[in-house]
Amino acid sequence: MTAPRYVDVFDTYNRFISGDRILEKDWDYYLLPNNASLMKRRYGINFGSEIIPEDQDMLDRLFVAGIDMLITTGVYNRDTGTRLKLTEDEIYEGLKMAPKKLTLGEGKDAVECTARRGNSMNKPIIEGGPTGAPVSEAIYPTLIESYAQEPMVDAIVTGVLETVKGHPSVKNSPWEVRATMHELTYAHNALIAAGRPGMAI
Amino acid sequence: MGMKHSDLHECSQLNELKMDMSILNMISAWHLSGDNILVEQMPIVGGYSGGLEETAICDVASTIASFALLNADIHLGGPIHIRWGTTTNRQSMQVAAATAMALDTNTDILLANQYYTLAGPCTVMNLLETAAQAICDTACGRELLSGVASNKGVRMDMVSGMEARMMGEASMAACGMDIHDANQILDRIVSWYEKFYFNIPQPKKFQDCYIVDEITPTEEYMSIYDSSLDILSNCGIDF
């Protein structure tokens, strides 16, 4: 059935609120693994020994298996204890809404992240940084600058400040929020120091 | 202070095919503000979903969910191995490669991958792990590479800009490469570092492998970097 419109984040919330109730342990240990196994059998998905698959027909079946998995299983919300479902047409509407190009950063430091469509000669965007690894406060800006100064790096991904002003950045506390704000300040200062102030974070 | 619309506003789904209210709340603000939205999900290889193929099926489904339910502009993957805690092991790369190629050849969505290596900075193993995944991700059509969280991203200050340099250099060298050729090169590189899984080399913190005042890698790290390039060249990749 044709979808009237794509599903946005607000529709997603509404569907979770009215979704069917499932225990999280049933999701983790029964519904999800059983359906994944079913899809593997249904679509005959078997990887060979090579790292990158060379069988395009198998890749097409894997794509359809993923769509079927999403339709059949849905998505679980651990806060509401419910799962939502969506139709195949809604999935394709969502894929159509996805951008094929994204601008990251500003001014002369901006880069275009464009769909490469296979292994084109266009280099992927390089987002350099600690990728969530813990970093001590004393060296944070300097460490970020070590990425920003690399010609290969197009954008920055930050690390996690272990402490702020000596206080541990405890999860779900004001110190966690403060740590995030300090990470951003340090990152901005590092980009300025490296002469690339418009680079995306 | 703060973030630009053109920065990547990142939040994460939960394992597997799960989310919570915090991700919906963050995205609702970013979506209405016109911010770039990056949704992350690192499937566990050998976790809830099962084996390699089952994990890839869930990975494809989770990636599509980012666009079909969460207004994502780009999806960041990173299959993580339940035993090794890395994305650079052979099985994680198999899942990442299959997922990326299944989506890349059937859609135009933007795909990213993140890097968690076993070894740490100032080691050949870390640079080879990084190069292998960069070759794999690039050959499979991914649009953005994010890293590197060396030493599984859990040890303090065990990261530096040099690992990102290798990620970029290896990616550029792999652009346009035939998939069959990429597979042969990957097998040689992965076979090189797999033998160190139970005996990983001693890493160095950023403070110990950079001249911090000058933000310059030490001579030792530069020598290790050049040795890594030589090994990669012998594996068949042309820098």
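Two residues are in contact if their C-beta atoms, placed from the backbone, lie within 7 Å. By that rule, 93 residues of chain A are in contact with 97 residues of chain B. This is a predicted model: local features need pLDDT of at least 70, side-chain atom pairs count only at pLDDT 80 or more, and totals for chains, interfaces and linings use all residues. Residues are numbered from 1 along each chain as its sequence is written, while chains are lettered from A and ligands numbered from 1 in the order in which they are written.

**Where the chains meet**

- Helices (H or I, at least four residues) and strands (E, at least two) are DSSP runs, numbered from the N terminus.
- On the side of chain A that touches chain B, helix 3 (residues 56-73) of chain A gives the most, with 11 residues.
- That side of chain A has 52 nonpolar, 23 polar and 18 charged residues. Here Ala, Val, Leu, Ile, Met, Phe, Trp, Tyr, Cys and Pro count as nonpolar, Asp, Glu, Lys and Arg as charged, and the others, Gly among them, as polar.
- Strand 2 (residues 75-77) of chain A and strand 2 (residues 18-19) of chain B run parallel, joined by two bridges. Two strands pair if DSSP finds at least two bridges between them.
- Opposite Asn77(A) stands Met19(B), in strand 2 of chain B.

**Chain A**

- Chain A has six helices and 11 strands.
- Its radius of gyration is 22 Å, well over the 17 Å that the globule rule gives for 201 residues, so chain A is more spread out than a compact globule. The radius is taken over C-alpha atoms, and the rule is 2.2 Å times the number of residues to the power 0.38.
- The C-alpha atoms of chain A fill a box of roughly 55 × 45 × 40 Å along the principal axes.
- Domain 1 (9-97) and domain 2 (102-193) make up the domain assignment of chain A. Such bounds come from an automatic or database domain assignment.
- The centres of domain 1 and domain 2 of chain A, taken over C-alpha atoms, are 31 Å apart.
- Of the 201 residues in chain A, 43% are buried. A residue is buried if 20 or more other C-beta atoms lie within 10 Å of its own, exposed if 12 or fewer, and partly exposed in between, with C-beta atoms placed from the backbone.

**Chain B**

- Chain B has eight helices and 10 strands.
- A compact globule of 239 residues would have a radius of gyration near 18 Å, and chain B agrees, with 18 Å.
- Its C-alpha atoms fill a box of roughly 50 × 45 × 35 Å along the principal axes.
- Buried residues account for 64% of the 239 residues of chain B.

- Seven strands form an open sheet with parallel pairing, in the order 8(A)-6(A)-8(B)-7(B)-5(B)-3(B)-1(B).
- Its edge strands are strand 8 (155-156) of chain A and strand 1 (8-12) of chain B, each pairing on one side only.
- Strand 6 of chain A pairs with strand 8 of chain B in the parallel sense over four bridges. Ile125(A) stands opposite Leu144(B) there.
- Strand 6 of chain A also pairs with strand 8 of chain A, in the parallel sense, over two bridges. Gly128(A) has Ile156(A) as its bridge partner in strand 8 of chain A.
- Within chain B, strand 3 (residues 36-40) and strand 5 (residues 74-76) run parallel and share three bridges. Val39(B) stands opposite His75(B).

**Around strand 6 of chain A**

- Both faces of this strand are covered: Ile125(A) and Glu127(A) on one side, and Ile126(A) and Gly128(A) on the other, are all buried.
- Ile126(A) has 25 other C-beta atoms within 10 Å.
- Leaving aside neighbours within four places in sequence, Ile126(A) is in contact with residues of both chains, including Val153(A), Leu145(B) and Met167(B).

- Most residues other than glycine have a negative phi, and most peptide bonds are trans.
- A cis peptide bond joins Asn15(B) and Glu16(B), with omega about -25 degrees.
- Another cis bond runs from Gly147(B) to Val148(B), with omega near 20 degrees. Val148(B) is in strand 8 of chain B.
- Leu17(B) is not a glycine, yet has a positive phi of about 55 degrees. Leu17(B) is buried, with 28 other C-beta atoms within 10 Å.
- Asn172(A), also not a glycine, has a positive phi of about 55 degrees. Asn172(A) is exposed, with 7 other C-beta atoms within 10 Å.
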